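Good morning, and thank you for coming.

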Amino acid sequence: MSEIKKFQVTFDCAEPERLARFWCEVLGYVVPPPPEGFATWDDFKRSQPSEQRDSWFACSDPSGVGPRLYFQRVPEGKAAKNRVHLDVRVGTGLVGKERLAALEAECSRLVPLGAVHVRTLYADAENESCIPMLDIEGNEFCID
């Protein structure tokens, strides 16, 4: 039997810190302390060569359970649909109108942060409701 490994989820993006802070708000994650020897992240950034400044940022689950999210700047913009996306699980264990109300409440919380509501997929015989959305850089995710 193989050992379970920790992993991080990496986002290619244009503005790593801005996107990381958005996901902190969505997931209740936190920005880790700056690297050792620096009082603030701004101090750390100023120490970097200009071509490396603002090239990455990260956030993590304060409980240590969820994966670390890492955001790295890339020169190209998003060109196609994500092959992997996050499902933000706010409706787990809920069904019908109660589930839909929880999903819609979360959608209402995220839109003012810059998320885009793509559509609402209503429950049918095979699937429960979910709400596909876009983050502030156009990455797809679902409220599930």
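I begin with a definition: two strands pair if DSSP finds at least two bridges between them. Helices (H or I, at least four residues) and strands (E, at least two) are themselves DSSP runs, numbered from the N terminus. This is a predicted model, in which local features need pLDDT of at least 70 and side-chain atom pairs count only at pLDDT 80 or more, while totals for chains, interfaces and linings use all residues. Residues are numbered from 1 along each chain as its sequence is written, and side-chain values use heavy atoms, with hydrogens and water left out.

With those terms in place, please look at the hairpin of strand 6 and strand 7. Between these strands lie 5 residues, and in this hairpin Gly 138 takes a positive phi near 90°. Strand 6 (residues 131–134) is joined to strand 7 (residues 140–143) by antiparallel pairing over 4 bridges. Within that pairing, Pro 132 has Cys 142 of strand 7 as its bridge partner. Strand 6 also pairs with strand 5 (residues 116–117), again in the antiparallel sense, over 2 bridges.

Strand 1 runs parallel to strand 3 (residues 68–73), with 6 bridges in their pairing. Opposite Cys 13 stands Arg 73 in strand 3.

Now to the pockets. A pocket is an open set of points on a 1 Å grid over the protein atoms alone, where a 1.4 Å probe fits, with protein on both sides within 12 Å along at least five of seven lines; lining residues have an atom within 4 Å of a point. Grid points are joined across faces, edges and corners, and a volume is the space filled by probe spheres set on the points.

The largest pocket has a volume of about 480 Å³. Of its 22 lining residues, Phe 11, Asp 12, Lys 78, Asn 82 and Asn 139 lie nearest the centre. Strand 1 (residues 8–13) contributes the most to this lining, with 5 residues. By class, the lining comprises 11 nonpolar, 5 polar and 6 charged residues. Here Ala, Val, Leu, Ile, Met, Phe, Trp, Tyr, Cys and Pro count as nonpolar, Asp, Glu, Lys and Arg as charged, and the others, Gly among them, as polar.

What is the volume of the second largest pocket? The value is about 170 Å³. Its lining has 8 nonpolar, no polar and 2 charged residues, including Val 9, Tyr 29, Asp 87 and Arg 89. Strand 4 (residues 86–88) gives the most to this lining, with 3 residues.

Finally, is Glu 106 buried or exposed? Glu 106, in helix 3 (residues 96–110), counts as buried because its relative accessibility is 11% and buried means under 20% relative accessible area (1.4 Å probe, protein chains only). Its C-alpha atom is separated by 9.0 Å from that of Val 26, 80 residues apart along the chain. Gln 48, in the loop between helix 2 (41–47) and strand 2 (56–59), is likewise buried, at 18%.

Note on methods
Buried < 20%, exposed > 50% of the residue type's maximum accessible area, 1.4 Å probe, protein only.
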